[in-house]
Amino acid sequence: MSAPSATEEQTLPRVFFNVWAGEDESLGRIEMELFSKELPKTTKNFLELCTFEHGYGYKGSTFHRIIPNFMLQGGDFTNHNGTGGKSIYGKKFEDEGFPYKHTEPGMLSMANSGPNTNGSQFFITTVKCPWLDGKHVVFGKVIRGIEIVKKIEGYGSESGTPKKKVWIKESGVL
């Protein structure tokens, strides 16, 4: 399934991250649209983690894994290293389906450790990633700020360890 059309997009929820490198460098805002019609449970989880309404979420968390020509991974707000995080439904929740694919840079997808292990960790692609199709739930896309995604990518390394702390200073709903 291709990403929703422009007319469909107007009714889909949108969220944002204001991203910083270190404590003093604002990289800018990333705005994402969530595919809530086909993936209501996955998008509700992400949206509510953006708002911090459960007392935890993305605000203040880092992009702990950044691999150039692949993706930026974040969402581990408990352990800050890729081993933690939790969903609004508990530690993990099942894959809701795979109607969308990793077809272009800026696709928003759930990171996992195997089938039905979604939590709070997510990634944003920086290239097409067809080998991930059917393994990670694509539930949104970057609609503004792809240049910020590319800036963040510049802080990455082959190992995935960021060259500098890159973090989400603010997150919320548009």
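What follows is a chat about the sheet, helices and cores of one predicted model.

Reader: Before anything else, what kind of model is this, and how are the residues numbered?
Author: This is a predicted model, in which local features need pLDDT of at least 70 and side-chain atom pairs count only at pLDDT 80 or more, while totals for chains, interfaces and linings use all residues. Residues are numbered from 1 along each chain as its sequence is written, and side-chain values use heavy atoms, with hydrogens and water left out.

Reader: OK, what is the strand order in the sheet?
Author: The order is 3-4-6-5-7-2-1-8 in an open sheet of eight strands with antiparallel pairing; strands here are DSSP runs of E with at least two residues, helices are runs of H or I with at least four, and both are numbered from the N terminus. Two strands pair if DSSP finds at least two bridges between them.

Reader: And which strands stand at the edges?
Author: Strand 3 (65–67) and strand 8 do, each with a single partner strand, so one side of each has no neighbour in the sheet. From one strand to the next, the twist averages 25°.

Reader: How many bridges does strand 1 make with strand 2?
Author: Strand 1 and strand 2 pair in the antiparallel sense over eight bridges, with Arg-14 partnered by Glu-33 and Phe-16 standing opposite Glu-31. Their hairpin has three residues between the strands, and Gly-22 takes a positive phi near 65° there.

Reader: What about strand 1 with strand 8?
Author: That pairing is also antiparallel, over seven bridges, and it places Phe-17 opposite Ser-171 of strand 8.

Reader: How many residues of strand 1 are buried?
Author: Seven of its eight residues are buried, which leaves strand 1 mostly covered; buried means under 20% relative accessible area, exposed means over 50%, and partly exposed lies in between (1.4 Å probe, protein chains only).

Reader: Switching to the inside, which residues have the most contacts in the largest nonpolar core?
Author: They are Phe-17, Met-32, Phe-46, Tyr-58, Phe-63, Phe-122 and Ile-152, in a core of 38 residues. A nonpolar core is a set of buried Ala, Val, Leu, Ile, Met, Phe, Trp, Tyr and Cys residues joined through side-chain atoms within 4.5 Å. Apart from this core lies another, of seven residues, including Ile-67, Phe-70, Met-71 and Leu-132.

Reader: What does Tyr-58 touch?
Author: Leaving out residues up to four places away in sequence, Tyr-58 touches, among others, Phe-17, Phe-46, Leu-49, Cys-50, Phe-77, Phe-122 and Ile-168, where contact means heavy atoms within 4.5 Å.

Reader: Which strands does helix 2 pack against?
Author: The buried residues of helix 2 pack against strand 1, strand 2, strand 5, strand 6, strand 7 and strand 8, and those buried residues include Thr-42, Phe-46, Leu-49 and Cys-50. Helix 2 is followed by Phe-52, whose phi is positive, near 65°.

Reader: Is Ser-61 buried or exposed, and where is it?
Author: Ser-61 sits in the loop between helix 2 and strand 3, and at 1% relative accessibility it counts as buried. Its contacts, setting aside neighbours within four places in sequence, are Phe-77, Trp-167 and Ile-168.

Reader: Last one: how many disulfides are there?
Author: There are zero disulfides, a disulfide being a pair of cysteine sulfur atoms within 2.5 Å. Cys-50 is buried at a relative accessible area of 1%, and Cys-129 is buried at 0%.

Key
Axes are lines fitted to C-alpha atoms, for helices over the stretch in contact, and angles run from 0 to 180 degrees between N-to-C directions.
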